Amino acid sequence: MADQVASINDLVLPDKAKKFFIEEWGINNLHPPQAQSMEAIFSNRSALIAIPTASGKSLIAYIAILRKLLLEDIGSKAIYIVPLKALASEKFDDFKALGKALNLSIGLGIGDSSSEAKKIDECDILVCTSEKLDSIIRNRSESMANVSIIISDEFHLLNDATRGPTLEINLTKLRYLRPNAQIIALSATVGNCEQLANWLDAELIISDWRPVALEYSTFHDLHLEPRMVQSSNLSDNADLLNPPRDLEGPKSQPTWVVLNDSIDSGGQLLIFVGTRKSAESEAVKLAKRVSKKLSAEDTDRMARLNEVASSIEGGRQSAMGEKLVQCIRGGTAFHHAGLTHNQRKVVENAFKEGILTCLSATPTLAAGVNLPARRVLVRDIKRWDDGMSRPLPVMEVRQMLGRAGRPKYDDFGEAWVLCKGTDGWEVADMVSEKYFFGDVEPINSKLAGEPALRTHILSIISTGGIQHRGEIGDFLSATFLGFSTPKHILKEKIDQTLTWLTEERFIRKIGVDRSYSEARADKIVDSDDWDDNVPAWAMVAKSTQGVELNKETRSSDTNKFTAHNKPVLGFNLASELSSVGAWHSNELDEFSGMKYEATMMGERITQLYLDPLSASIIRTGLRRAIRRIVKNIAPVTNFGLLHLATSTPDFTSLWAKNSEMEPNSKLWIKTNSVEDELLSDSSYDEMLLSNVKSAWMVEMWCDEDNIRSIEKDLDVNPGDINYRVDIMAWLIHSSREIILTDDVFSDEHMPQIAELIKQLDVLRLRVRHGCKEDLLTLVNIPNVGRFRARELSKINIRTPHDVANMTKKQIDQILKIRGWGPQLLDKIMLEVVKVIEPSKQKKKKVRLDDIPLDDEI
């Protein structure tokens, strides 16, 4: 079919779908990689599509989804998996336009709002992050019952240690739940594409075609040396190279020289740097020069920049916000994870609209939203990692360089790498050989890491219906980890994880399911080299190179069918087990028939989406808290509970700076002052300081410190605060659920447990709203944040009823406060009515026929 399909009109799709692509999106013809993919798509085969950025991967996915939902599997559901919330929102906008034209409902899964849940169940196309999809499969796997097609965007991020394991597990679960579903993986080119395609049972489609030619160049000592062109032209790429040239400007300011050249040629510049501070300092430095240039040459653009700067939320609330506003007014901006969501959106939109001349960003932008520029400059090709400066991976640099060249706007893109060093020529040659012509690294599974393995093994036992040791092994063998790892290594990792989960009482052994073992053995007996006297685990070992089986060492005891050394048919009653719960290790763990089940604690951990180690740390700390309350031996403070949450692997702690590690620093003094309050232990001083710093940040937030003071005292950005506050609220809620589920305390200690739960409930609300306890009723009113609530409290307005019954004098006082106005006050009054009305209980009318007679028994 690929030979026949060259245009949208040639596709076997409903006319209204083709009309939408042509008239709404202006797409008439398919690019060569898109046309190459159509045969697999329309033959219902899974496909791994590895083509460059901006080559049209998304359109391939959209066509595949429409074919499934509108023609082949009408009434079925499509899943579109993305790695980031920002990318999910971008794709959601695309699908909303498609859905409106084609009568398809679209769902978005990126958070925990109740409004999402209904749409997730009812939608035709679900756009979601890997984490949200994992949560859906764990808690509502029935919602996957009619999934016919799965799209995995940015599939190469399987290599990411944070997101990769969840994506890998999701794809394995979906293949397990929906074995006939079509899978389309959209990826950058990686070193082991063929291996990944084999794992997915997918057709591999690779192309280096780009709609916009991309010229790769090295830049050193103001000398530009084009090295390679990646182009749509079929002629020899070397013929398309531009000649080398020298740029004019100060050698000490290479980024300004590049930007000045970009502005003169009518383009924009995207600079990738190694750290947040570098992104900010580069933008500030360049803004000063750009401002002078634009003030003299383009006053209209300066006016538009001022409008954008004025729209920045929190521009006056933090030093970083002020810095961002200053940069935007000068024609530049920076982009990193420390920005708030609103700030990132304003910056991204201003760059897309061509208002900003330059954006300096950390490499995370390359894996995020679609934000191309005519020219990309990778300033830093090294990153501080694990105690030393290391070169960036080829794949990461290629992703950054691939942002150059805007389809529909540019005839070509310029991908430059700044080469630093005393011998610029030598460095430039090395950079070219490695990053332009070198092989891209292969993708490796990150599921083998302890956090990922313990989390997902507990999940499949709790909610996946996979409980036998053999089934667990089979499932994990179907992951990319199992596909690419020797069996004996995978088996060892599984057994170690099961042992730990059992010791922590998150799962328990029920015993060996003999019927399952026999059924499984019957399948294996068909093998030619099967030995009836050798257990299954030994046959696996025998198949390993270099391992031989010694016949003299075989056990003659053939009656060890269960963990309790008693041959039985089926299961033992719990009352008959010699060790109820089977918490202890047993030599028969090797049997594939050993059956596990999740405890109540294990099930709750899975529902909460916690790392089991986080749950273990929290449980230990909360048990200490209960003992403190019962024995009255030490305080249980909010800071201690906050620190407990920061001690878990689910919380991303702030790093303690070198200056903060000094014995007389503010952080050391704070740490010493709260030492008796801490409920968890730290293995070394640096971790202790980092966790205390993180808890201190949330404590300052709860005590109504403003963003600027937190930023100044702890050197954190507003985006860091927002991100960690959200995580903290989730962990405090999880702490409440863990102590409720824990069963080690007797009934006589229930009052103390209730006291701790109440403390956790209040603390969670304070974390969520960033206020002291006395404001919690006010901040529940929409449009009344923590600062407005405090202003109201100063004039003795402390509850929604107080707001509803304000005097004229109080209203006049409020309207004199900066930031308040009649419209805002009217909105708040309307919301107050909604808050108060549900609490009013209508007096229930007494039915006379419900009054018992005097002689009724």
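1. Glu737 is buried, at 11% relative accessible area. Buried here means under 20% relative accessible area, exposed means over 50%, and partly exposed lies in between (1.4 Å probe, protein chains only). Arg604 is partly exposed, at 22%. The side chains of Glu737 and Arg604 form a salt bridge, 3.1 Å from N to O. Glu737 sits in helix H28 (residues 718-741) and Arg604 in helix H22 (residues 600-608), so the pair ties together parts 133 residues apart in sequence.

2. This is a predicted model: local features need pLDDT of at least 70, side-chain atom pairs count only at pLDDT 80 or more, and totals for chains, interfaces and linings use all residues. Residues are numbered from 1 along each chain as its sequence is written, and side-chain values use heavy atoms, with hydrogens and water left out.

3. A salt bridge is a side-chain nitrogen of Lys or Arg within 4 Å of a carboxyl oxygen of Asp or Glu. That rule gives 49 salt bridges. Helices (H or I, at least four residues) and strands (E, at least two) are DSSP runs, numbered from the N terminus.

4. Glu322 and Arg708 also pair through their side chains, at 2.8 Å from N to O. Glu322 belongs to helix H12 (residues 319-329) and Arg708 to helix H27 (residues 707-714), 386 residues apart. Glu322 is partly exposed at 39% relative accessibility. Arg708 is partly exposed too, at 30%.

5. Arg790 and Asp774 make a salt bridge of 3.0 Å, N to O. Arg790 is in helix H30 (residues 786-793), while Asp774 is in the loop between helix H29 (750-769) and H30. Asp774 is partly exposed, at 34%.

6. Salt bridges link Glu282, Lys285, Arg379, Asp380 and Lys420.
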